[in-house]
Amino acid sequence: MNKKELLKGNIAIAKAALNCGCKCYFGYPITPQTEIGEFLSKEMQQRKLAYVCAESEVAAINMALGAASTGAKVMTSSSSCAVSLMQEAISYASSDELPIVLINVMRAGPGQGYIYPSQGDYNQATTGGGNGDYRTIVLSPSNVQECVDLTYKAFYLSQKYRNPTILLVDGLLGQMAEPVEINDNPYQEIDNSSWRLDGANERPSRNIHSLEPNQNKLNRHIIELFKKYTIIEQNECDYEEYMTQDAKVILTAFGTMARHAKALCNYYREKGIKMGLFRPKTLYPFPYKKLNELSQKTNLIIDIEMNMGQMLKDVRLAVLSNARVAFIGKPVGDWLTEEEMIKAADNILKEQYASI
Amino acid sequence: MQVFNIPRAIKQNSNFTFCPGCDHGVAIRLVAQIIDELKLQEKTIAVASSGCSVLLYDFLDVDCIESPHGRACAVATGIKRAHRALNNDRFVFTYQGDGDFASIGLAESMHSALRGENITAICINNTNYGMTGGQLGPTTTMGQITTTSPDGRNAHYHGFPIKTAEQIALCEGTSFSARAALYDVKNILSTKNIIKKAFQYQIEGLGFSFVEILSSCPTNWKLSPKDSHLKIQNELTKVYPLGIFKDVKND
Amino acid sequence: MIKNFIISGSGGQGVLSIGTILANIFMLSNKFVTYSPCYGAEMRGGAVNCEINASDEQLLYIQNKEADIVIALNQTSFDKFISKVKKNGTIIVNSSLAKINKTRNDIKYIFAPLTQEALKMNNVKIANSIALGILSKITYKFSIENVKKAYEKILKNKNDLIQKNIEAYLIGYNYVQER
């Protein structure tokens, strides 16, 4: 306990990035993630690392694109409407196979929305907000300790698979402080000497580009990318299960919403309803297989999100016709309260449990 | 008869893919010669952009990355800064068209200059969007007919063109800003000296160095290669005067 | 048992600092704790509040409608947060800057002239620490070692200030008894 410190999610992410060897940060201010850039500005300048107060998010992500091509560990951070501005470069980086870590501390949309909490960027993050056939790895923390752990993991996976990786953080988590331990980075370093651009010295020159006028080559390139995505889907699905073993009703939720969902499980368990929670920690790759297995043993899945039902699509794809899928959600603003969630859940459960 | 050797920094057996009479080939050859002369091949990372200039990496035998349209200076910033953070000394330059540098990428270009980013940018100005078939661009001259200004550029309707080298010269972080042309041998040689100077300023760590090169676009100008070069000599240099607009060593 | 706290006041009253110190005390006491600051668009002088949840178990709900204990350091926050006090909860009000007025009979009121007490110690900014002392007394009676450690964490090497704040904390701690 002594090693713990009380940190906001934003600061925890910044500290973890530094701790695992992030060499470059490029960013532009936007609430509620600005503390990441503020914190890193001082630390990175002291360490003689690369830090640029970029002129826009467009510039920031493109600086990250260039920096990633050198093999250095690179991070940028932003929030919802400004992450939209970055999508072009994310599409490029996916085709270029460049490891960029992008932190999206979500606010409410669409458009400018406001700084209220929301989980409205699930679709954009997991299905790619840019053009073309590509996927980005998406990790979702539900507490501040996981902000640290999954930042390490984001750097590792981005390097391992040479793929842009997004840490999708609820706005609340960026601002909220909890006791955390900044442990050592548990992941091994990935050798990038076979592809990085560091000058054609005693080796042929290298070329990183997404443009490909030859349609056969372009086809092959995309098919290769998707072979990589298949491997990611096979190896990297990560999730948390909470009292699912005997569960007759399974809740699905991601990020901080999953904490409230756990409380709901506790509440209904006391009432004699065997409820459990399935929380994907990787939103892409989505753990379809595991959720499918769980759904075979239940007849009701309730998806809970702070949006109008974005992960719901993936939940349905996993559950297929194994169970009924219901949804509790709210787009923005104050988090769903205990009373609101119970009221909504009661309505759904009534059909199955006469006791409610 | 071979007048000069193919530079070492040009890829062997590469075929010329630009339109006949286009100056891109000459510009890239000059860059390659300078890379040879300054012994930069092993430590260069070039940034190509969107448009005809993206083909740079087909010819130049150095490490190269393509940037999204307009973002070359931002990408170059990332590369230069990252290598510095890795304790590597690398030579980084961008090769862009005028649309890329001065229209869609003006923010990235100008802010790189304002930051005094220690990179070099080369901007090929052919007064139109060439690869897409000759549309009105930021440097299209008054009265010039393009596919999107069929009656010619009109100040009231289309607004005014940008004098890029002069604008970049105004930025405090700029070490060197010049405009050159390739319409005759004398100018080709002076362009080479100018690019070389811009490269050397980066090597000396003086800040952002910039060269705008007036280039021919015979296909979209609907002129022969010869007439294209006469147009540059007689018309374009009147609108876009050649010269050095900023040189920290002389100012 | 989960306890929820709201600390409220205006910018400059040290609302967030005392909230952070309280959260650190909980952390040092081996509790699970969350701390969420909340402030308006104004950088100075606007309304500020923060919410702290503490528990012996993992904290699931991180946003709550009501709090067991509310500290209101001025009139505006007293008016705003009086409705957020849980039934049988307590509100600690800075009576130097808010009128003594009991509109609810299902909660406990503690009115204390925090600003006046702080001025007696020649430092208006430590009113927040007096409030923390009161809170400590009526809840967990934190160990003074952990309180000191929390102040040291936040105020780093400013030893005089740490000393002054702990004095203020103790005045608050003993204030309830004296009444």
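## A covered helix in chain A

Which residues of α5(A) are buried? In this predicted model, they are E88(A), A89(A), I90(A), S91(A), Y92(A), A93(A), S94(A), S95(A) and D96(A). Helix α5 of chain A runs over residues 87–96 and is mostly covered, with 9 of its 10 residues buried.

Just after α5(A) comes E97(A), which takes a positive phi of about 55 degrees.

## Two domains of chain A

Chain A is divided into domain 1, made up of 5–190 + 208–235, and domain 2, which covers 239–350. The centres of domain 1 of chain A and domain 2 of chain A, taken over C-alpha atoms, are separated by 27 Å. To the contact between them, domain 1 of chain A contributes 25 residues and domain 2 of chain A contributes 22 residues.

On the side of domain 1 of chain A that touches domain 2 of chain A, the elements giving two or more residues are α6 (122–127), β6 (137–139), β7 (165–170), α8 and α9 (215–235) of chain A. Of these, α6(A) provides the largest share of that side, 4 residues. Sorted by class, the residues on this side of domain 1 of chain A comprise 13 nonpolar, 9 polar and 3 charged.

## How the chains meet

There are 2 pairs of chains in contact, and among these pairs chains A and B share the most contacts. Chain B and chain C, by contrast, are joined by no contact, and their closest C-alpha atoms lie 29 Å apart.

## The contact of chains A and C

Where chain A meets chain C, the contact takes 18 residues from chain A and 15 residues from chain C. On the side of chain A that touches chain C, at least two residues each are supplied by α8 (171–175), β8 (177–180) and α10 (257–270) of chain A. The element that gives the most to this side is α10(A), with 4 residues, and by class the side of chain A that touches chain C holds 8 nonpolar, 4 polar and 6 charged residues.

One element links two parts of this account: α8 of chain A supplies residues to the side of chain A that touches chain C, and α8 of chain A also gives two or more residues to the side of domain 1 of chain A that touches domain 2 of chain A.

Methods
Residues are numbered from 1 along each chain as its sequence is written. Chains are lettered from A and ligands numbered from 1 in the order in which they are written. This is a predicted model: local features need pLDDT of at least 70, side-chain atom pairs count only at pLDDT 80 or more; totals for chains, interfaces and linings use all residues. Two residues are in contact if their C-beta atoms, placed from the backbone, lie within 7 Å. Ala, Val, Leu, Ile, Met, Phe, Trp, Tyr, Cys and Pro count as nonpolar, Asp, Glu, Lys and Arg as charged, and the others, Gly among them, as polar. Domain bounds come from an automatic or database domain assignment. A residue is buried if 20 or more other C-beta atoms lie within 10 Å of its own, exposed if 12 or fewer, and partly exposed in between; C-beta atoms are placed from the backbone.
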